[in-house]
Amino acid sequence: THLSVALGLKAIHKRYRTLFTSAAALVATLNRAYVENRLEDKLRAYCAPKLLIIDEIGYVPVDVNGAHLLFQLISRRYERGSIILTSNRGIGQWGEVFGDTIIATAILDRLLHHSTVINIKGESYRLKEKQRAGLLKRSQDIKPEGGDSLTVTFDT
């Protein structure tokens, strides 16, 4: 998250229109727009920025309908706009995240085509501060699931 925000700020300084949202908020907004028959307008709005940052893929499971809506957005942005995704789940676990390996594969196919994946392993930035303050034991006592990854997809 910290790195994606920094990249987003750099894009803004270069005058690129940028939008940051959490995956949960994005899916909720797309679901609501679908129910209210405003999905086309909402997809257009999410396609407008030069850079879209979607934070925290995998923290909250995405239902099948949400996965299909997210696929529609990623498909529309494919080769048209840059996307940065952050996740605490490895790419191999995205079938579980989306509840459907086929839709996860389709999403990843588009995302990984023109992307750079940065896999960050190590101590949490937030937990280091707690450790320094003596509010948390050594990091070895905390077993994260798999590290965080940042997927940066650039348009061509």
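Reader: Which residues does Thr29 touch, not counting residues up to four places away in sequence?

Author: A contact here means heavy atoms within 4.5 Å. With those sequence neighbours set aside, Thr29 touches Lys42 and Tyr46. Keep in mind that this is a predicted model, in which local features need pLDDT of at least 70 and side-chain atom pairs count only at pLDDT 80 or more, while totals for chains, interfaces and linings use all residues. Residues are numbered from 1 along each chain as its sequence is written, and side-chain values use heavy atoms, with hydrogens and water left out.

Reader: Where does Thr29 lie, and is Thr29 buried or exposed?

Author: Helices (H or I, at least four residues) and strands (E, at least two) are DSSP runs, numbered from the N terminus. Thr29 lies in helix H2. For burial, go by relative accessible area: under 20% is buried, over 50% is exposed, and in between is partly exposed (1.4 Å probe, protein chains only). Thr29 has 15%, so Thr29 is buried.

Reader: How do I read the meeting of helix H2 with helix H3?

Author: Start with the axes, which are lines fitted to C-alpha atoms, for helices over the stretch in contact; angles run from 0 to 180 degrees between N-to-C directions. Helix H2 (residues 23-35) and helix H3 (residues 39-47) have axes that come within 7 Å and cross at roughly 150°. On the H2 side, the contact is made by Leu26, Thr29, Leu30, Ala33 and Tyr34; on the H3 side, by Leu39, Lys42, Leu43 and Tyr46. Sorted by class, that gives seven nonpolar, one polar and one charged residues. The classes go like this: Ala, Val, Leu, Ile, Met, Phe, Trp, Tyr, Cys and Pro are nonpolar, Asp, Glu, Lys and Arg are charged, and the others, Gly among them, are polar.

Reader: What is Leu43 in contact with, leaving aside its neighbours within four places in sequence?

Author: Leu43 is in contact with Leu30, Leu69, Gln72, Leu73 and Arg76. Take Gln72: Leu43 and Gln72 are 29 residues apart in sequence, yet 8.0 Å apart in space, C-alpha to C-alpha. Leu43 itself lies in helix H3 and is buried, at 1% relative accessible area.

Reader: How many salt bridges does a search of the whole structure find?

Author: Look for a side-chain nitrogen of Lys or Arg within 4 Å of a carboxyl oxygen of Asp or Glu. The search finds six. One joins Arg44 to Glu40, with the closest N and O atoms 3.6 Å apart. Those two are four residues apart in helix H3, so about one helical turn separates them. Both are partly exposed: Arg44 at 48% and Glu40 at 39%.

Reader: What other salt bridge does Glu40 form?

Author: Glu40 also pairs with Arg76, and here the closest N and O atoms are 2.6 Å apart. Because Glu40 lies in helix H3 and Arg76 in helix H4, this pair ties together parts that are 36 residues apart in sequence. Arg76 is partly exposed, at 29%. Then there's Asp109 with Arg110, at 3.9 Å, N to O. Asp109 is exposed, at 51%, while Arg110 is partly exposed, at 24%. Shared partners join some of these salt bridges up: Glu40, Asp41, Arg44 and Arg76 form one network.

Reader: How many aromatic pairs turn up in a search of the whole structure?

Author: One. You describe a pair of aromatic rings by the distance of the centres and the angle of the planes. Rings of Phe, Tyr and Trp (its six-membered ring) pair if their centres lie within 6.5 Å; planes under 30 degrees apart are stacked, over 60 edge-to-face, and the rest tilted. Trp94 and Phe98 are edge-to-face, at 5.8 Å centre to centre with 75° between the planes. They sit four residues apart in helix H5 (residues 94-98), so about one helical turn separates them. Trp94 is buried at 2%, and Phe98 is buried at 0%.

Reader: Which residues have the most contacts inside the largest nonpolar core?

Author: A nonpolar core is a set of buried Ala, Val, Leu, Ile, Met, Phe, Trp, Tyr and Cys residues joined through side-chain atoms within 4.5 Å. The largest has 28 residues, and Ile54, Ile57, Trp94, Phe98 and Ile107 have the most contacts inside it. At least two residues of this core come from each of H2, H3, strand E2 (51-57), helix H4 (64-77), strand E3 (82-87), H5 and helix H6 (101-113).
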